[in-house]
Amino acid sequence: MLDYECLDATAKFKIMNISRLLDRKSNGFSVLENNKVFWRTNALLTYKRCPLYFKLFIVDQKEQKLDLPRNIALAHGIIVHRAVEFLVRAYLFGLNGSTNQLLLEVINNTIAEILEETNNVENKKLFKDSIEYGYLAKKAFQAILSLNQKIIDVESVYLFENDKFILKLTPDLILSNAIVDLKTTSKPLSNLYIYDDYNWQLSIYTSLFNVEKSYFIYVSFADMDVRIVDNTEQKNKTEVLETINELTDKILRSEYEPRKNHLCRFCKYQSKCSLFNK
């Protein structure tokens, strides 16, 4: 595990050469000069879910932009993540005074940033009231504290490297012996379904950070409430590394076959997919 802050000068120089890939706006995938593959965790899981979608959405598109209103649910998630990150960092810094006004500023600034990046200033009406985002962020933060573990880090970048790939890891929250992944949903908490992608994401984190437990904290806009879910489907480290190595070999061979999955019915590339055009 490589923590950027702890790298020596030589390692930092190497990381600087791929610094553009570490930007959160990057597509999260590149083949480096030494034929080593750089993955962001989300990009890796997208390729695992459907190689064809990965090619059309990530490889073929030079610039990724949030598509509003199509991806408003994703925008909601970004806002809640930023708000929870602020609350956790304020807690770690010992900010004991009222943070309500600062929290609302974080939320409003995030909304403004999303609108600016998408060139859709008029779409502000798509967003919820800032107080609603703040309320849910506070509930999620209290859920984190209820796990009774020391908070180690929040929303920081780590790198794992072997002879085939460099993997960018940005876990939502690292606790003393657990990883926490924050999920937002428009569904009621009584109607949750944990997709295989989600289990794999937490399995990658727990394996490479060598922690035993992992939790989802679901934030429901339907219920205006949160729920902690213990992840009981963790893969072991051997399976995780073997799978990443296998996916890396496949993408170096430019294998982009379609794969049926739970998101097929929503896919905007159905007209280009053999699964829909037999």
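Start with one side chain: that of Ser220 comes to 3.3 Å from the backbone nitrogen of Ala222. That is a polar contact (N or O atoms within 3.5 Å; within protein, one must be able to donate a hydrogen and the other to accept it, and residues adjacent in sequence count only if both atoms are side-chain atoms).

A word on the source. The model is predicted: local features need pLDDT of at least 70, side-chain atom pairs count only at pLDDT 80 or more, and totals for chains, interfaces and linings use all residues. Residues are numbered from 1 along each chain as its sequence is written, and side-chain values use heavy atoms, without hydrogens and water.

Is Ser220 buried or exposed? Buried, with a relative accessible area of 0%. The cut-offs: buried is under 20%, exposed over 50%, partly exposed in between, with a 1.4 Å probe and protein chains only.

What is Ser220 in contact with, leaving aside neighbours within four places in sequence? Leu136, Thr185, Lys187, Pro188, Leu189 and Asp225. Contact means heavy atoms within 4.5 Å.

Now zoom out. Ser220 sits in strand β9. Strands (E, at least two residues) and helices (H or I, at least four) are DSSP runs, numbered from the N terminus. β9 covers residues 213–220 and pairs antiparallel with β10 over six bridges. Pairing takes at least two DSSP bridges. Across that pair, Phe216 faces Val229 in β10.

The whole sheet is open, with five strands in the order β4-β7-β8-β9-β10 and mixed pairing. Its edge strands are β4 (151–154) and β10 (225–230), each pairing on one side only.
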